[in-house]
Amino acid sequence: MRLSRIIMAFTVGLAVAAVPTAAGAAQPQPPVYPPGEVSLTIEPPTIFLGGTFTLKGTGFTAGEVRFDVEISGNPNAAPAQGTVRRSDGSAVAMSAVAYQQPQPAPTAFTVTARDDGTFTVTYKPSRTGRHHFTATQGNRTDDATGIVYPTRPHRPPHGGGNLPVTGDSLSTPVKLGGGLAGAGAVLVLLSLAWRRRGRFGIGSR
């Protein structure tokens, strides 16, 4: 009789001791990042001002990814005050004009990774220079760098690198051509006069 009571008491004690352990095991555990490395790429690596970068990430987990952007390099400078000369030698004064910067692009933003841990986001810079992007999710991070050059200058309408032809540059060839034509006319008249003199015996003995 006493032995059965002892066995029952021991069984009840084991059951009571196991309850906290089971309760702790039932509590939600923090997410575990899958193995592998995250990767951030940028396409294209260089653009002209007005273009757009495409940022692609892989190896992240579904959820929010934070971006930080560091920009180095001087912004676009306004032209300095001075003078320029026309083709005729006259000078024209120039005054400095403030460069109107567009709405600045953000230097911190977030994107949402898909269930497979990937994301794609576009970024349009508002100034020139080196743009360093850092993507962070928890203790996982990667970075990529893109360079923004000043806007590409427009090509001249005549093609190539030649400057457009102006009226002043045409004046010299026109004058030269007119002089040559006049000299030719004088030579033709002299030749006709010489022939007439020979035909009528002018100047002969």
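User: What is the strand order in the open sheet of five strands?
Analyst: This is a predicted model. In it, the five strands follow the order β2-β10-β9-β4-β7, and their pairing is mixed.

User: Which strands stand at the edges there?
Analyst: The edges are β2 (46–48) and β7. Each has a single partner strand, so one side of each is left without a neighbour in the sheet. From one strand to the next, the twist averages 30°.

User: How many bridges join β9 to β10?
Analyst: Nine bridges join β9 to β10, and the two run antiparallel. Within this pair, Phe-133 stands opposite Ala-144 in β10.

User: What does Phe-133 touch, leaving out residues up to four places away in sequence?
Analyst: Its contacts include Leu-40, Ile-42, Phe-53, Leu-55 and Phe-67. Tyr-123 and Ala-144 are also among them, as are the acidic residues Asp-68, Asp-142 and Asp-143.

User: How many residues does the largest nonpolar core have?
Analyst: That core has 22 residues. Those with the most contacts inside it are Leu-40, Leu-55, Val-65, Phe-67, Phe-119 and Phe-133.

User: Which strands each supply at least two residues of this core?
Analyst: They are β1, β3, β4 (63–72), β7 (108–113), β8, β9 and β10 (140–149).

User: Turning to the three-stranded open sheet, what is its order?
Analyst: The order is β1-β3-β8, with antiparallel pairing. β1 and β8 are the edge strands, each pairing on one side only. The twist in this sheet averages 20° from one strand to the next.

User: How many bridges join β1 to β3, and how many join β3 to β8?
Analyst: Five bridges join β1 to β3, and five join β3 to β8. Both pairs run antiparallel.

User: Where does Val-121 lie, and is it buried or exposed?
Analyst: Val-121 lies in strand β8. Its relative accessible area is 16%, and Val-121 is therefore buried, as the limit for that class is under 20%.

User: What does Val-121 touch, again without residues up to four places away in sequence?
Analyst: Val-121 touches Phe-53, Thr-54, Leu-55 and Val-111. As for Gly-57, its C-alpha is 8.9 Å from that of Val-121, and the two residues are 64 apart in sequence.

User: Changing topic, how many salt bridges does the structure hold?
Analyst: It holds two salt bridges. In one of them, Glu-43 is paired with Lys-56, and the closest N and O atoms are 3.8 Å apart. Glu-43 lies in strand β1 (residues 39–43) and Lys-56 in strand β3 (residues 53–58), so the pair ties together parts that are 13 residues apart in sequence.

User: How accessible are Glu-43 and Lys-56?
Analyst: Both count as partly exposed. The relative accessibility is 41% for Glu-43 and 34% for Lys-56.

User: Which residues form a salt bridge with closest N and O atoms 3.2 Å apart?
Analyst: Arg-66 and Asp-68 form that salt bridge. Arg-66 is partly exposed, with a relative accessible area of 45%, and Asp-68 is partly exposed at 28%.

User: Lastly, where does Ser-126 lie?
Analyst: Ser-126 lies in the loop between β8 (119–123) and β9 (129–137). At 11% relative accessibility, Ser-126 counts as buried.

User: What does the side chain of Ser-126 reach?
Analyst: The side chain of Ser-126 reaches the backbone nitrogen of Ala-105, at 2.9 Å.

Conventions
Residues numbered from 1 in each chain as written. Predicted model: local features only at pLDDT ≥ 70, side-chain atom pairs only at ≥ 80, totals over all residues. Heavy atoms only, no water. Helix = DSSP H or I, 4+ residues; strand = E, 2+ residues; numbered from the N terminus. Buried < 20%, exposed > 50% of the residue type's maximum accessible area, 1.4 Å probe, protein only. Polar contact = N/O pair within 3.5 Å; in protein donor to acceptor, adjacent residues only side chain to side chain. Salt bridge = Lys/Arg side-chain N within 4 Å of Asp/Glu carboxyl O. Pairing = 2+ DSSP bridges. Axes fitted to C-alpha atoms, helices over the stretch in contact; angles between N-to-C directions. Core = buried A, V, L, I, M, F, W, Y, C linked by side-chain atoms within 4.5 Å. Contact = heavy atoms within 4.5 Å.
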